[in-house]
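This report covers side-chain packing and pairing: salt bridges, aromatic rings and nonpolar cores. The structure comes first, the reading of it after.

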Amino acid sequence: MGDAEAPIDFIYAIDDDPRGMNAQFVGAPMTAMFSAQMLEPLIFQSTDFAFSPALAESWELSDDALTLSFQLREGVTWHDGTPFTADDVKFNFDEIVPLSSFGAEIGERLESVEVTSETTVVIHMSEPYGPILQTVAAQFMVPKHVYEGTDYVTNPANMAPIGTGPLMFDSYDSGEQIVLLRNPDYWGGDVSVDRVIFPIMGDATSRTEALFAGEVDQAVIGIAHQPRVQEDPDFALLETFGYPQDIAMMFNGKSPELEDPAVRQAVFSAIDRQEIAETVLHGLGQPANGFFPEALDWAVSPNVDFSEDFPRDVDAINAALDAAGATTGPDGSRFALDLRYTSERTDTAAMAELARSMLADVGITVNLVGSSATVFTESVYTTSDFDIAFLPATVGSDPSVGITRWYTCNSEKQASANPSQICDEQIDAAAETALTMTGQDERGAAFIDLQDRAEELMIYAPLVWFNGQFPVANTSRWQGLEDGSVMSNRLPWETMTRARG
């Protein structure tokens with residue numbers, strides 16, 4: 001579409017240089033965003049968890065969940081014109097998928113990959129893996145002819161991807177901009193832009209003003225500016241751009257003040273989740289009422305209801321703390337807690353301030369400890385130097401991939417996993433069942449067991465659900481962006497339309 005004289009540009013302002021553009025090797029949100037425009041999986045999964053055909057037109061999982069067959073789409077080419085083939089798929093599952101953070105679980109169970117025809121690939125597993133389709137949907141295919149025989153992780157194509165997606169890599173000027181071009185041969189249909197320019201704008205105010213001035217079409221806008229977005233009909237928050245996110249409250253179960261689950265439950269009850277959603281998120285989030293978001297209705301426990309189980313009843317909370325032996329001292333305080341959060345995030349910083357006031361109502365003193373993400377990671381996961389912590393996290397494509405890691409045993413103290421230092425056999429068994437069963441009913445029952453036990457332990461609990469990136473689009477220039485896409489992080493290039501020239 002468009003012509004050489006008047007190219008149709010889409011301008012998407014970003015805040016920093018990406019760490020990479022191939023999400024198979026770099027687990028960062030911006031990397032996933034760039035990958036989603038240029039690279040593709042075999043199966044698309046939307047942010048409401050629906051599957052649809054991508055590079056595979058169809059797929060079939062055997063009754064014993066040990067064989068997964070793909071019928072590949074014909075006539076697809078890589079951006080350099082080379083045909084996409086079954087050999088590419090076999091190469092990816094043999095060589096690339098096991099190196100991916102999300103693909104490693106498949107790699108551990110992968111027995112063999114068989115090409116049975118020019119368009120058919122069969123994956124043989126040694127044991128069932130519950131979220132196999134969701135994990136396949138998170139694997140971006142890369143071209144065998146570009147990666148074979150190279151160091152996969154350092155291959156230059158990781159910063160200049162050659163994929164099959166609607167956009168193609170053009171140029172990258174560090175600190176300045178990244179440019180992607182329309183794929184004229186995209187199998188999915190005509191792409192509505194000729195060129196996508198990503199200016200790198202580190203200053204949040206400049207980025208925001210550029211969006212409102214009509215100089216850019218899309219940008220991530222801080223929470224403080226969202227009321228302005230809501231008031232202006234020419235701008236829209238893209239709430240379906242990524243999977244649901246939460247900001248959660250994490251507990252150190254080995255802190256002397258928090259060893260008793262009853263105390264942890266009382267501390268959680270003292271946080272007014274409704275006020276946080278309204279005050280900090282300006283109504284753009286929902287107070288969490290359970291451990292899983294409503295969109296995962298098949299896995300949500302009917303036995304967990306935060307509003308009923310953990311109401312902010314100050315008298316009842318005080319009584320529970322007294323009963324647990326956490327009595328008030330001469331200074332009027334029961335005990336003091338260090339609350340850690342990343343200071344770069346204005347939303348978690350504001351929530352921490354509110355939490356300090358809320359916990360003071362029940363005689364708990366809070367020391368706020370804001371820090372860089374690096375210091376936060378070291379203090380929370382490695383040295384366990386915290387009492388409570390606030391952290392944003394994404395739900396991910398499946399509970400086994402994105403949620404259960406916050407509850408299962410993490411004796412090795414890995415980052416972005418359960419920091420409580422508490423290991424529980426019931427939770428671990430439920431999580432393992434969900435991994436090894438493939439039927440949704442059986443997996444759902446296992447997740448219910450996990451949530452029911454998580455409520456008793458109270459080591460990690462969402463405070464609010466929200467779209468954590470807050471991408472905003474100028475709808476006076478482009479329409480259809482808020483309708484969502486077939487996959488997380490991708491813009492709907494084939495269906496969006498330019499509102500005016």
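Helices here are DSSP runs of H or I with at least four residues, numbered from the N terminus. The model is predicted. Under that naming, Arg 453 and Glu 456 both lie in helix H16, three residues apart, or about one turn of the helix.

**Salt bridges**

The structure holds 16 salt bridges. Opposite charges on side chains can pair when the charged atoms come close.

| Salt bridge | Closest N and O atoms |
|---|---|
| Arg 182 with Asp 194 | 3.5 Å |
| Arg 453 with Asp 424 | 2.9 Å |
| Arg 453 with Glu 456 | 2.7 Å |

The Asp 424 bridge leaves the helix: Arg 453 lies in helix H16 (residues 440-457) and Asp 424 in the loop between H14 and H15, so the pair ties together parts 29 residues apart in sequence. Asp 424 is buried, at 9% relative accessible area. Glu 456 is partly exposed, at 45%.

Salt bridges with shared partners also join Glu 105, Arg 109 and Glu 127 into one network.

What does the bridge between Arg 182 and Asp 194 tie together? Arg 182 lies in strand S9 and Asp 194 in the loop between S9 and S10, so the bridge links parts twelve residues apart in sequence. Arg 182 is partly exposed, with a relative accessible area of 25%. Asp 194 is buried, with 14%.

**Aromatic pairs**

There are 21 aromatic pairs in the structure. Phe 44 and Trp 187 form a stacked one, with 6.3 Å centre to centre and 15° between the planes. Planes under 30 degrees apart count as stacked, hence the label. Phe 44 sits in strand S2 (residues 43-45), and Trp 187 in the loop between strand S9 (177-182) and strand S10 (195-199), so this pair ties together parts 143 residues apart in sequence. Phe 44 is buried, at 3% relative accessible area. Trp 187 is partly exposed, at 23%.

Are the rings of Tyr 407 and Tyr 460 stacked or edge-to-face? Their planes stand at 80° and their centres are 5.4 Å apart, so the pair is edge-to-face. Tyr 407 lies in the loop between helix H14 (399-402) and helix H15 (425-436), Tyr 460 in strand S18 (residues 460-466), so the pair ties together parts 53 residues apart in sequence. Both tyrosines, Tyr 407 and Tyr 460, are buried.

Elsewhere, a charge meets a ring. The charged end of Arg 228 sits over the ring of Phe 212, 3.8 Å from its centre.

In soluble globular proteins, nonpolar side chains tend to be buried together. The largest nonpolar core has 90 residues; among the members that touch the most others are Phe 268, Phe 291 and Tyr 407. Helix H12 (residues 346-360) gives the largest share of this core, seven residues.

Beyond its neighbours within four places in sequence, Phe 291 contacts residues including Phe 306, Ile 403, Tyr 407, Tyr 460 and Trp 465.

A second, separate core holds 34 residues, including Phe 34, Phe 44, Leu 167 and Val 196.

Technical notes:
Residues are numbered from 1 along each chain as its sequence is written. This is a predicted model: local features need pLDDT of at least 70, side-chain atom pairs count only at pLDDT 80 or more; totals for chains, interfaces and linings use all residues. Side-chain values use heavy atoms; hydrogens and water are left out. Rings of Phe, Tyr and Trp (its six-membered ring) pair if their centres lie within 6.5 Å; planes under 30 degrees apart count as stacked, over 60 as edge-to-face and the rest as tilted. Helices (H or I, at least four residues) and strands (E, at least two) are DSSP runs, numbered from the N terminus. Buried means under 20% relative accessible area, exposed over 50%, partly exposed in between (1.4 Å probe, protein chains only). A charge sits over a ring if NZ of Lys or CZ of Arg is within 6 Å of the ring centre and within 35 degrees of the ring normal. A salt bridge is a side-chain nitrogen of Lys or Arg within 4 Å of a carboxyl oxygen of Asp or Glu. A nonpolar core is a set of buried Ala, Val, Leu, Ile, Met, Phe, Trp, Tyr and Cys residues joined through side-chain atoms within 4.5 Å. Contact means heavy atoms within 4.5 Å.
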